[in-house]
Amino acid sequence: MNEFWLSCVQRLEQDLPPQQISAWIKPLEPLEFDQESAVLRMAAPNRFKLDWVRKNFSHRIQEIATEWFGVPVELQLELAQSTAAPQPMITAQSLRQTMVSGDATSDSSAIPSVYQAQPVSAVVAPTVAMDQSRLNPDLSFDNFVTGKANQLARAAALQVAENPGTSYNPLFLYGGVGLGKTHLIHAVGNAMVARGRGVKVRYVHADQYVSDVVKAYQRKAFDEFKHYYHSLDLLLIDDIQFFAGKNRTQEEFFYAFEAMVAQRKQIIITSDTYPKELSNIESRLISRFDSGLTVHIEPPELEMRVAILLRKAQAENMLMPKEVAFFIAKHLRSNVRELEGALRTVAAYARFHEKNELTVDLCKEALKDLLSVSNNQITVENIQKTVADFYKIKVSDMYSKRRPANIAVPRQIAMYLVKELTQKSLPEIGDLFGGRDHTTVLHAVRKISEARRNDSELNHSLHILEQTLKG
Ligand SMILES: Nc1ncnc2c1ncn2[C@@H]1O[C@H](COP(=O)(O)OP(=O)(O)OP(=O)(O)O)[C@@H](O)[C@H]1O
(Lines give C-alpha, C1' and ligand atoms only; values in the text may rest on other atoms or scores of the structure.)
Protein backbone atom coordinates (compact mmCIF):
# COMPACT_ATOMS: atom_id res chain seq x y z
CA MET A 1 0.00 0.00 0.00
CA ASN A 2 2.74 2.44 0.99
CA GLU A 3 4.70 1.49 -2.08
CA PHE A 4 1.69 2.22 -4.25
CA TRP A 5 1.18 5.59 -2.62
CA LEU A 6 4.82 6.58 -2.99
CA SER A 7 4.72 5.78 -6.65
CA CYS A 8 1.36 7.51 -7.08
CA VAL A 9 2.68 10.72 -5.51
CA GLN A 10 5.72 10.57 -7.79
CA ARG A 11 3.46 10.26 -10.83
CA LEU A 12 1.30 13.14 -9.68
CA GLU A 13 4.38 15.27 -9.12
CA GLN A 14 4.98 15.09 -12.85
CA ASP A 15 1.57 16.63 -13.56
CA LEU A 16 1.03 19.06 -10.73
CA PRO A 17 2.97 22.00 -9.32
CA PRO A 18 4.67 21.48 -5.94
CA GLN A 19 2.17 23.76 -4.15
CA GLN A 20 -0.71 21.55 -5.23
CA ILE A 21 1.17 18.42 -4.24
CA SER A 22 1.81 19.73 -0.76
CA ALA A 23 -1.63 21.30 -0.37
CA TRP A 24 -3.80 18.44 -1.63
CA ILE A 25 -1.89 15.24 -2.30
CA LYS A 26 0.63 14.88 0.53
CA PRO A 27 -2.01 15.31 3.26
CA LEU A 28 -3.89 12.28 1.93
CA GLU A 29 -3.45 9.05 3.73
CA PRO A 30 -3.74 5.65 2.09
CA LEU A 31 -5.87 3.38 4.28
CA GLU A 32 -6.28 0.10 2.47
CA PHE A 33 -6.80 -1.60 -0.83
CA ASP A 34 -9.43 -4.31 -0.78
CA GLN A 35 -8.44 -6.91 -3.37
CA GLU A 36 -11.87 -8.44 -3.63
CA SER A 37 -13.90 -5.33 -4.29
CA ALA A 38 -10.97 -3.41 -5.86
CA VAL A 39 -11.81 -0.49 -3.58
CA LEU A 40 -8.99 1.82 -2.57
CA ARG A 41 -9.70 3.74 0.62
CA MET A 42 -7.93 7.00 1.31
CA ALA A 43 -8.43 9.57 4.03
CA ALA A 44 -8.32 13.33 3.77
CA PRO A 45 -7.55 15.45 6.85
CA ASN A 46 -10.57 17.71 6.59
CA ARG A 47 -13.81 18.13 4.77
CA PHE A 48 -12.63 20.88 2.47
CA LYS A 49 -9.63 18.89 1.27
CA LEU A 50 -11.81 15.88 0.82
CA ASP A 51 -14.22 17.76 -1.45
CA TRP A 52 -11.43 19.36 -3.40
CA VAL A 53 -9.53 16.14 -3.96
CA ARG A 54 -12.73 14.35 -4.91
CA LYS A 55 -13.54 16.95 -7.51
CA ASN A 56 -10.10 17.58 -8.92
CA PHE A 57 -7.80 14.64 -8.37
CA SER A 58 -9.80 11.50 -7.64
CA HIS A 59 -10.09 10.56 -11.29
CA ARG A 60 -6.31 10.73 -11.80
CA ILE A 61 -5.56 8.81 -8.58
CA GLN A 62 -8.05 6.17 -9.64
CA GLU A 63 -6.32 5.86 -13.02
CA ILE A 64 -2.91 5.43 -11.44
CA ALA A 65 -4.29 2.89 -8.97
CA THR A 66 -5.96 0.99 -11.79
CA GLU A 67 -2.63 0.75 -13.56
CA TRP A 68 -0.80 -0.24 -10.39
CA PHE A 69 -3.20 -2.90 -9.15
CA GLY A 70 -4.12 -4.16 -12.62
CA VAL A 71 -7.90 -4.00 -12.01
CA PRO A 72 -10.40 -1.15 -12.40
CA VAL A 73 -10.08 0.48 -9.00
CA GLU A 74 -12.77 2.47 -7.26
CA LEU A 75 -11.43 5.22 -5.02
CA GLN A 76 -13.30 5.87 -1.79
CA LEU A 77 -12.34 9.07 -0.04
CA GLU A 78 -13.07 9.37 3.64
CA LEU A 79 -12.54 11.90 6.30
CA ALA A 80 -9.58 11.01 8.52
CA GLN A 81 -11.04 9.82 11.78
CA SER A 82 -9.03 12.17 13.88
CA THR A 83 -10.88 15.13 12.33
CA ALA A 84 -14.29 13.64 12.16
CA ALA A 85 -14.69 11.67 15.30
CA PRO A 86 -17.02 13.19 17.80
CA GLN A 87 -16.38 10.29 20.20
CA PRO A 88 -13.00 8.86 21.23
CA MET A 89 -11.50 7.08 18.30
CA ILE A 90 -8.00 6.18 17.34
CA THR A 91 -6.78 8.02 14.26
CA ALA A 92 -6.65 6.42 10.88
CA GLN A 93 -2.87 6.87 11.01
CA SER A 94 -2.45 4.97 14.24
CA LEU A 95 -4.91 2.35 13.06
CA ARG A 96 -2.80 1.81 9.99
CA GLN A 97 0.36 1.63 12.06
CA THR A 98 -1.24 -0.93 14.32
CA MET A 99 -2.25 -2.95 11.31
CA VAL A 100 1.18 -2.68 9.73
CA SER A 101 3.00 -3.58 12.94
CA GLY A 102 0.93 -6.71 13.22
CA ASP A 103 -0.83 -5.86 16.46
CA ALA A 104 -4.07 -6.21 14.64
CA THR A 105 -4.87 -8.07 11.52
CA SER A 106 -5.36 -6.15 8.31
CA ASP A 107 -8.69 -7.85 7.94
CA SER A 108 -10.94 -4.98 8.92
CA SER A 109 -13.61 -7.33 10.21
CA ALA A 110 -11.29 -8.13 13.11
CA ILE A 111 -11.17 -4.51 14.21
CA PRO A 112 -13.91 -3.33 16.53
CA SER A 113 -16.30 -1.28 14.45
CA VAL A 114 -15.72 1.87 16.44
CA TYR A 115 -12.11 1.90 15.23
CA GLN A 116 -12.82 1.17 11.63
CA ALA A 117 -12.46 4.01 9.14
CA GLN A 118 -16.02 4.83 8.29
CA PRO A 119 -17.30 6.37 5.10
CA VAL A 120 -17.83 10.09 5.55
CA SER A 121 -21.55 9.55 5.80
CA ALA A 122 -21.20 7.58 8.97
CA VAL A 123 -18.59 9.52 10.88
CA VAL A 124 -19.28 13.16 10.20
CA ALA A 125 -21.68 14.65 12.62
CA PRO A 126 -23.84 17.06 10.61
CA THR A 127 -22.77 20.00 12.72
CA VAL A 128 -19.11 19.24 12.14
CA ALA A 129 -19.62 18.76 8.43
CA MET A 130 -21.95 21.60 7.90
CA ASP A 131 -20.58 24.60 9.70
CA GLN A 132 -17.88 25.28 7.16
CA SER A 133 -18.29 27.17 3.95
CA ARG A 134 -15.85 24.92 2.07
CA LEU A 135 -14.72 27.91 0.08
CA ASN A 136 -11.31 27.82 -1.50
CA PRO A 137 -9.70 31.13 -0.51
CA ASP A 138 -7.41 30.99 -3.57
CA LEU A 139 -10.31 31.50 -5.98
CA SER A 140 -11.11 35.19 -6.00
CA PHE A 141 -12.28 37.94 -8.33
CA ASP A 142 -8.78 39.38 -8.17
CA ASN A 143 -7.14 36.45 -9.87
CA PHE A 144 -10.00 35.78 -12.28
CA VAL A 145 -8.91 37.00 -15.71
CA THR A 146 -11.71 38.60 -17.69
CA GLY A 147 -12.32 38.65 -21.41
CA LYS A 148 -15.23 38.60 -23.83
CA ALA A 149 -15.91 34.96 -23.02
CA ASN A 150 -16.67 35.53 -19.36
CA GLN A 151 -17.24 39.25 -18.82
CA LEU A 152 -20.98 38.89 -18.50
CA ALA A 153 -20.63 36.04 -16.04
CA ARG A 154 -18.12 37.99 -13.99
CA ALA A 155 -20.26 41.13 -13.97
CA ALA A 156 -23.29 39.11 -12.87
CA ALA A 157 -21.27 37.38 -10.17
CA LEU A 158 -19.93 40.70 -8.87
CA GLN A 159 -23.41 42.16 -8.85
CA VAL A 160 -24.67 39.18 -6.87
CA ALA A 161 -21.77 39.43 -4.41
CA GLU A 162 -22.70 43.06 -3.81
CA ASN A 163 -26.47 42.62 -3.66
CA PRO A 164 -27.09 39.02 -2.70
CA GLY A 165 -30.63 37.76 -2.88
CA THR A 166 -31.94 40.81 -4.64
CA SER A 167 -30.36 41.16 -8.05
CA TYR A 168 -30.38 37.80 -9.79
CA ASN A 169 -31.71 34.86 -7.92
CA PRO A 170 -30.73 32.25 -8.82
CA LEU A 171 -27.69 33.05 -10.86
CA PHE A 172 -27.21 30.11 -13.20
CA LEU A 173 -23.77 29.84 -14.83
CA TYR A 174 -23.19 27.26 -17.51
CA GLY A 175 -20.41 26.29 -19.87
CA GLY A 176 -17.96 23.59 -20.80
CA VAL A 177 -15.30 22.05 -18.59
CA GLY A 178 -12.49 24.09 -17.12
CA LEU A 179 -13.88 27.50 -18.06
CA GLY A 180 -13.95 29.02 -14.58
CA LYS A 181 -17.45 28.37 -13.28
CA THR A 182 -16.22 26.92 -10.01
CA HIS A 183 -13.66 29.69 -9.69
CA LEU A 184 -16.29 32.37 -10.12
CA ILE A 185 -18.73 31.01 -7.57
CA HIS A 186 -15.98 30.62 -4.97
CA ALA A 187 -15.06 34.24 -5.75
CA VAL A 188 -18.59 35.34 -4.87
CA GLY A 189 -18.50 33.37 -1.63
CA ASN A 190 -15.09 34.72 -0.68
CA ALA A 191 -16.14 38.28 -1.47
CA MET A 192 -19.20 37.98 0.74
CA VAL A 193 -17.28 36.38 3.58
CA ALA A 194 -14.57 39.05 3.31
CA ARG A 195 -17.11 41.73 4.00
CA GLY A 196 -17.34 40.12 7.39
CA ARG A 197 -21.02 40.41 7.99
CA GLY A 198 -21.17 36.91 9.42
CA VAL A 199 -22.86 35.57 6.33
CA LYS A 200 -23.49 31.86 6.21
CA VAL A 201 -22.07 30.54 2.97
CA ARG A 202 -21.80 27.02 1.71
CA TYR A 203 -20.13 25.68 -1.42
CA VAL A 204 -21.27 22.20 -2.33
CA HIS A 205 -20.66 20.03 -5.34
CA ALA A 206 -23.95 18.53 -6.57
CA ASP A 207 -22.54 15.06 -5.98
CA GLN A 208 -21.91 15.91 -2.34
CA TYR A 209 -25.40 17.34 -1.98
CA VAL A 210 -26.78 14.05 -3.27
CA SER A 211 -24.82 12.12 -0.65
CA ASP A 212 -25.88 14.58 2.07
CA VAL A 213 -29.49 13.80 1.15
CA VAL A 214 -28.79 10.08 1.31
CA LYS A 215 -27.12 10.49 4.71
CA ALA A 216 -30.02 12.52 6.06
CA TYR A 217 -32.40 9.89 4.75
CA GLN A 218 -30.47 7.02 6.35
CA ARG A 219 -30.25 8.83 9.66
CA LYS A 220 -33.79 10.15 9.49
CA ALA A 221 -32.25 13.57 10.00
CA PHE A 222 -34.16 15.51 7.39
CA ASP A 223 -35.22 18.25 9.77
CA GLU A 224 -31.62 19.01 10.59
CA PHE A 225 -30.67 18.84 6.93
CA LYS A 226 -33.49 21.18 5.93
CA HIS A 227 -32.77 23.56 8.75
CA TYR A 228 -29.13 23.78 7.74
CA TYR A 229 -29.70 24.43 4.05
CA HIS A 230 -32.65 26.75 4.59
CA SER A 231 -30.60 28.83 7.02
CA LEU A 232 -27.84 29.69 4.53
CA ASP A 233 -27.36 33.19 3.17
CA LEU A 234 -25.55 31.95 0.09
CA LEU A 235 -25.66 28.50 -1.43
CA LEU A 236 -23.18 27.73 -4.20
CA ILE A 237 -24.03 24.51 -5.92
CA ASP A 238 -21.65 23.21 -8.54
CA ASP A 239 -22.34 20.94 -11.52
CA ILE A 240 -26.08 20.60 -10.98
CA GLN A 241 -26.27 18.17 -13.94
CA PHE A 242 -25.25 15.51 -11.39
CA PHE A 243 -28.80 15.71 -9.99
CA ALA A 244 -30.03 13.86 -13.08
CA GLY A 245 -32.35 11.02 -12.13
CA LYS A 246 -31.91 11.65 -8.36
CA ASN A 247 -35.56 12.27 -7.55
CA ARG A 248 -35.32 12.50 -3.80
CA THR A 249 -32.43 14.95 -4.05
CA GLN A 250 -34.33 17.04 -6.54
CA GLU A 251 -37.32 17.18 -4.25
CA GLU A 252 -35.22 18.28 -1.28
CA PHE A 253 -33.42 20.82 -3.38
CA PHE A 254 -36.71 22.17 -4.63
CA TYR A 255 -37.81 22.91 -1.04
CA ALA A 256 -34.46 24.41 -0.11
CA PHE A 257 -34.59 26.54 -3.23
CA GLU A 258 -38.10 27.79 -2.55
CA ALA A 259 -37.33 28.57 1.08
CA MET A 260 -34.13 30.42 0.30
CA VAL A 261 -35.46 32.48 -2.58
CA ALA A 262 -38.55 33.44 -0.57
CA GLN A 263 -36.24 34.80 2.14
CA ARG A 264 -34.07 36.56 -0.43
CA LYS A 265 -31.14 34.27 0.25
CA GLN A 266 -28.86 33.91 -2.73
CA ILE A 267 -28.39 30.73 -4.77
CA ILE A 268 -25.77 30.29 -7.48
CA ILE A 269 -25.83 27.21 -9.64
CA THR A 270 -23.36 25.94 -12.22
CA SER A 271 -23.94 23.39 -14.91
CA ASP A 272 -22.39 22.06 -18.09
CA THR A 273 -25.44 23.12 -20.05
CA TYR A 274 -28.33 25.58 -19.93
CA PRO A 275 -31.38 24.72 -17.82
CA LYS A 276 -33.72 23.51 -20.56
CA GLU A 277 -31.04 21.19 -21.90
CA LEU A 278 -30.57 19.41 -18.55
CA SER A 279 -31.75 15.85 -18.78
CA ASN A 280 -33.62 13.95 -16.09
CA ILE A 281 -34.26 17.00 -13.97
CA GLU A 282 -37.84 17.81 -12.94
CA SER A 283 -39.43 20.54 -14.99
CA ARG A 284 -40.44 22.56 -11.91
CA LEU A 285 -36.74 22.80 -11.03
CA ILE A 286 -35.70 23.66 -14.57
CA SER A 287 -38.19 26.50 -14.71
CA ARG A 288 -36.87 27.81 -11.40
CA PHE A 289 -33.27 27.59 -12.55
CA ASP A 290 -34.22 29.83 -15.43
CA SER A 291 -36.14 32.30 -13.31
CA GLY A 292 -33.18 34.49 -12.28
CA LEU A 293 -30.31 35.14 -14.62
CA THR A 294 -28.73 32.49 -16.82
CA VAL A 295 -25.28 33.26 -18.18
CA HIS A 296 -23.01 31.31 -20.48
CA ILE A 297 -19.24 31.17 -19.96
CA GLU A 298 -17.59 30.57 -23.29
CA PRO A 299 -14.17 29.19 -24.12
CA PRO A 300 -11.60 31.98 -23.77
CA GLU A 301 -10.58 33.94 -26.84
CA LEU A 302 -6.93 34.32 -27.85
CA GLU A 303 -6.15 37.54 -25.97
CA MET A 304 -7.73 36.17 -22.86
CA ARG A 305 -5.76 32.93 -23.11
CA VAL A 306 -2.56 34.96 -23.39
CA ALA A 307 -3.56 37.06 -20.38
CA ILE A 308 -4.38 33.96 -18.35
CA LEU A 309 -1.02 32.36 -19.16
CA LEU A 310 0.89 35.50 -18.24
CA ARG A 311 -1.04 35.87 -15.01
CA LYS A 312 -0.61 32.23 -14.00
CA ALA A 313 3.07 32.27 -14.91
CA GLN A 314 3.55 35.33 -12.75
CA ALA A 315 1.75 33.66 -9.87
CA GLU A 316 4.17 30.73 -10.19
CA ASN A 317 7.15 33.09 -10.39
CA MET A 318 7.88 32.01 -13.93
CA LEU A 319 9.31 34.48 -16.41
CA MET A 320 7.19 34.03 -19.50
CA PRO A 321 7.97 36.13 -22.57
CA LYS A 322 4.86 37.35 -24.40
CA GLU A 323 5.67 35.46 -27.59
CA VAL A 324 5.79 32.20 -25.60
CA ALA A 325 2.39 32.87 -24.04
CA PHE A 326 1.09 33.78 -27.47
CA PHE A 327 2.46 30.56 -28.97
CA ILE A 328 0.82 28.36 -26.32
CA ALA A 329 -2.44 30.30 -26.45
CA LYS A 330 -2.60 30.07 -30.22
CA HIS A 331 -2.32 26.32 -30.15
CA LEU A 332 -4.33 25.38 -27.08
CA ARG A 333 -7.80 26.69 -27.42
CA SER A 334 -10.26 24.69 -25.45
CA ASN A 335 -10.21 25.70 -21.79
CA VAL A 336 -8.30 27.27 -18.94
CA ARG A 337 -7.57 23.99 -17.21
CA GLU A 338 -5.75 22.88 -20.35
CA LEU A 339 -3.71 26.08 -20.31
CA GLU A 340 -2.78 25.50 -16.69
CA GLY A 341 -1.71 21.96 -17.58
CA ALA A 342 0.43 23.24 -20.45
CA LEU A 343 2.09 25.76 -18.19
CA ARG A 344 2.97 23.06 -15.67
CA THR A 345 4.32 20.80 -18.40
CA VAL A 346 6.49 23.57 -19.78
CA ALA A 347 7.77 24.48 -16.32
CA ALA A 348 8.57 20.85 -15.50
CA TYR A 349 10.30 20.37 -18.85
CA ALA A 350 12.42 23.49 -18.37
CA ARG A 351 13.36 22.39 -14.84
CA PHE A 352 14.24 18.91 -15.97
CA HIS A 353 16.41 20.15 -18.84
CA GLU A 354 17.87 22.88 -16.68
CA LYS A 355 16.80 25.65 -19.02
CA ASN A 356 16.47 29.02 -17.37
CA GLU A 357 14.66 30.68 -20.19
CA LEU A 358 11.30 29.81 -21.67
CA THR A 359 11.40 29.97 -25.45
CA VAL A 360 8.98 29.05 -28.21
CA ASP A 361 11.27 26.17 -29.22
CA LEU A 362 11.28 24.81 -25.70
CA CYS A 363 7.47 24.98 -25.62
CA LYS A 364 7.21 23.21 -28.97
CA GLU A 365 9.31 20.40 -27.59
CA ALA A 366 7.62 20.23 -24.18
CA LEU A 367 4.10 20.30 -25.59
CA LYS A 368 4.59 18.30 -28.75
CA ASP A 369 2.02 15.63 -27.85
CA LEU A 370 -0.62 18.16 -26.90
CA LEU A 371 0.06 20.29 -29.94
CA SER A 372 -0.10 17.47 -32.45
CA VAL A 373 -3.68 16.72 -31.41
CA SER A 374 -4.91 20.27 -31.23
CA ASN A 375 -3.20 21.46 -34.42
CA ASN A 376 -5.05 19.05 -36.56
CA GLN A 377 -8.34 19.73 -38.15
CA ILE A 378 -11.05 17.44 -36.90
CA THR A 379 -10.05 14.28 -38.71
CA VAL A 380 -11.32 10.76 -38.31
CA GLU A 381 -7.92 9.66 -36.98
CA ASN A 382 -7.97 12.46 -34.46
CA ILE A 383 -11.42 11.49 -33.26
CA GLN A 384 -10.44 7.84 -33.02
CA LYS A 385 -7.31 8.69 -31.05
CA THR A 386 -9.04 11.17 -28.74
CA VAL A 387 -11.89 8.77 -27.94
CA ALA A 388 -9.49 5.83 -27.50
CA ASP A 389 -7.35 7.89 -25.08
CA PHE A 390 -10.42 9.09 -23.21
CA TYR A 391 -11.73 5.55 -22.69
CA LYS A 392 -8.26 4.05 -22.26
CA ILE A 393 -8.52 1.57 -25.11
CA LYS A 394 -6.15 1.02 -28.00
CA VAL A 395 -6.63 3.02 -31.19
CA SER A 396 -6.47 -0.28 -33.06
CA ASP A 397 -9.68 -1.31 -31.27
CA MET A 398 -11.47 1.29 -33.37
CA TYR A 399 -10.97 -0.95 -36.41
CA SER A 400 -10.94 -4.33 -34.71
CA LYS A 401 -13.79 -6.82 -34.67
CA ARG A 402 -13.66 -7.14 -30.88
CA ARG A 403 -17.01 -6.55 -29.26
CA PRO A 404 -16.80 -6.37 -25.45
CA ALA A 405 -18.82 -3.40 -24.23
CA ASN A 406 -15.79 -1.47 -22.96
CA ILE A 407 -14.56 -1.38 -26.55
CA ALA A 408 -17.79 -1.47 -28.56
CA VAL A 409 -19.32 1.56 -26.82
CA PRO A 410 -16.30 3.89 -27.28
CA ARG A 411 -16.15 2.73 -30.91
CA GLN A 412 -19.82 3.68 -31.37
CA ILE A 413 -19.12 7.01 -29.67
CA ALA A 414 -16.26 7.64 -32.11
CA MET A 415 -18.54 6.81 -35.08
CA TYR A 416 -21.16 9.18 -33.70
CA LEU A 417 -18.59 11.97 -33.34
CA VAL A 418 -17.25 11.41 -36.84
CA LYS A 419 -20.78 11.71 -38.20
CA GLU A 420 -21.41 14.81 -36.11
CA LEU A 421 -18.12 16.62 -36.64
CA THR A 422 -17.02 15.71 -40.17
CA GLN A 423 -18.59 15.56 -43.62
CA LYS A 424 -18.02 11.81 -44.00
CA SER A 425 -20.87 9.67 -45.25
CA LEU A 426 -22.06 6.56 -43.42
CA PRO A 427 -20.32 4.13 -45.86
CA GLU A 428 -17.08 6.14 -45.63
CA ILE A 429 -17.24 6.01 -41.84
CA GLY A 430 -17.88 2.26 -41.98
CA ASP A 431 -14.74 1.85 -44.11
CA LEU A 432 -12.66 3.90 -41.71
CA PHE A 433 -13.79 1.76 -38.79
CA GLY A 434 -12.44 -1.54 -40.10
CA GLY A 435 -14.73 -2.00 -43.09
CA ARG A 436 -18.05 -2.01 -41.25
CA ASP A 437 -21.38 -1.83 -43.00
CA HIS A 438 -23.10 1.56 -43.19
CA THR A 439 -26.10 0.15 -41.25
CA THR A 440 -23.76 -0.59 -38.32
CA VAL A 441 -22.66 3.04 -38.36
CA LEU A 442 -26.25 4.24 -38.56
CA HIS A 443 -27.16 2.05 -35.60
CA ALA A 444 -24.22 3.45 -33.58
CA VAL A 445 -25.12 7.06 -34.42
CA ARG A 446 -28.76 6.59 -33.47
CA LYS A 447 -27.94 4.67 -30.33
CA ILE A 448 -25.50 7.27 -29.01
CA SER A 449 -27.67 10.28 -29.85
CA GLU A 450 -30.61 8.62 -28.12
CA ALA A 451 -28.50 7.57 -25.12
CA ARG A 452 -26.99 11.02 -24.61
CA ARG A 453 -30.47 12.45 -24.14
CA ASN A 454 -31.15 10.17 -21.18
CA ASP A 455 -27.74 9.52 -19.73
CA SER A 456 -26.24 12.65 -18.22
CA GLU A 457 -22.87 11.06 -17.59
CA LEU A 458 -22.55 10.09 -21.24
CA ASN A 459 -23.75 13.53 -22.26
CA HIS A 460 -21.07 15.07 -20.07
CA SER A 461 -18.34 12.84 -21.57
CA LEU A 462 -19.49 13.74 -25.07
CA HIS A 463 -19.31 17.42 -24.21
CA ILE A 464 -15.74 16.96 -23.06
CA LEU A 465 -14.80 15.03 -26.20
CA GLU A 466 -16.44 17.57 -28.48
CA GLN A 467 -14.70 20.44 -26.74
CA THR A 468 -11.37 18.69 -26.92
CA LEU A 469 -11.80 17.99 -30.61
CA LYS A 470 -13.16 21.38 -31.58
CA GLY A 471 -10.49 23.19 -29.56
N1 LIG B 1 -10.82 33.47 -16.11
C2 LIG B 1 -9.98 32.77 -15.36
N3 LIG B 1 -8.93 33.38 -14.78
C4 LIG B 1 -8.06 32.69 -14.04
N5 LIG B 1 -8.13 31.35 -13.81
C6 LIG B 1 -9.16 30.71 -14.37
C7 LIG B 1 -10.12 31.38 -15.19
N8 LIG B 1 -11.02 30.47 -15.61
C9 LIG B 1 -10.64 29.30 -15.10
N10 LIG B 1 -9.53 29.43 -14.35
C11 LIG B 1 -8.80 28.36 -13.65
O12 LIG B 1 -8.94 27.19 -14.45
C13 LIG B 1 -9.13 26.05 -13.63
C14 LIG B 1 -10.45 25.40 -13.99
O15 LIG B 1 -11.51 26.28 -13.65
P16 LIG B 1 -12.84 25.80 -12.90
O17 LIG B 1 -12.57 24.62 -12.03
O18 LIG B 1 -13.45 26.98 -12.27
O19 LIG B 1 -13.66 25.32 -14.16
P20 LIG B 1 -15.17 24.81 -14.27
O21 LIG B 1 -15.80 25.64 -15.32
O22 LIG B 1 -15.81 24.79 -12.93
O23 LIG B 1 -14.94 23.35 -14.81
P24 LIG B 1 -15.71 21.96 -14.47
O25 LIG B 1 -17.01 22.05 -15.14
O26 LIG B 1 -14.78 20.94 -15.06
O27 LIG B 1 -15.81 21.88 -12.98
C28 LIG B 1 -9.08 26.54 -12.21
O29 LIG B 1 -7.79 26.34 -11.71
C30 LIG B 1 -9.41 28.03 -12.32
O31 LIG B 1 -8.83 28.76 -11.26
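Predicted model: local features only at pLDDT ≥ 70, side-chain atom pairs only at ≥ 80, totals over all residues.
Helix 12 covers residues 222-230, and helix 13 covers residues 247-262. Their axes come within 9 Å. The crossing angle is roughly 40°. Angles under 35 degrees count as roughly parallel, and those of 65 to 115 as roughly perpendicular. Helix 12 and helix 13 are therefore oblique to each other. Their crossing is right-handed. On the side of helix 12, the contact involves K226, Y229 and H230. These residues meet Y255, A256, A259 and M260 of helix 13. The contact of helix 12 with helix 13 comprises five nonpolar residues, one polar residue and one charged residue.

Helix 15 and helix 16 form another pair. Helix 15 runs over residues 302-315, and helix 16 over residues 322-331. The two axes come within 8 Å and cross at roughly 130°. Angles over 145 degrees count as roughly antiparallel, and those of 65 to 115 as roughly perpendicular. Helix 15 and helix 16 are therefore oblique to each other. The crossing of helix 15 and helix 16 is right-handed. Helix 15 contributes L302, R305, V306, L309 and L310 to the contact. Helix 16 contributes A325, F326, I328, A329 and K330. Eight residues of this contact are nonpolar, none is polar and two are charged.

The remaining pair is helix 20 and helix 21. Helix 20 consists of residues 380-390, and helix 21 of residues 405-421. Their axes come within 9 Å, with a crossing angle of roughly 145°. Helix 20 passes helix 21 in a right-handed crossing. From helix 20, the contact takes in V380, I383, Q384, V387 and A388. From helix 21, P410, I413, A414, L417, V418 and L421 take part. The contact of helix 20 with helix 21 has 10 nonpolar residues, one polar residue and no charged residues.

Two backbone features lie in loops. The peptide bond that joins N169 and P170 is cis, with omega at about 0°. P170 is located in the loop between helix 9 (151-162) and strand 4 (171-174). The other feature concerns A38. Phi of A38 is near 55°, a positive value in a residue other than glycine. A38 belongs to the loop between strand 1 (29-34) and strand 2 (39-44).

Terms used. Residues numbered from 1 in each chain as written. Axes fitted to C-alpha atoms, helices over the stretch in contact; angles between N-to-C directions. Helix = DSSP H or I, 4+ residues; strand = E, 2+ residues; numbered from the N terminus. Left-handed = near helix turned anticlockwise from the far one by under 90°. Contact = placed C-beta atoms within 7 Å. Nonpolar A, V, L, I, M, F, W, Y, C, P; charged D, E, K, R; others polar.
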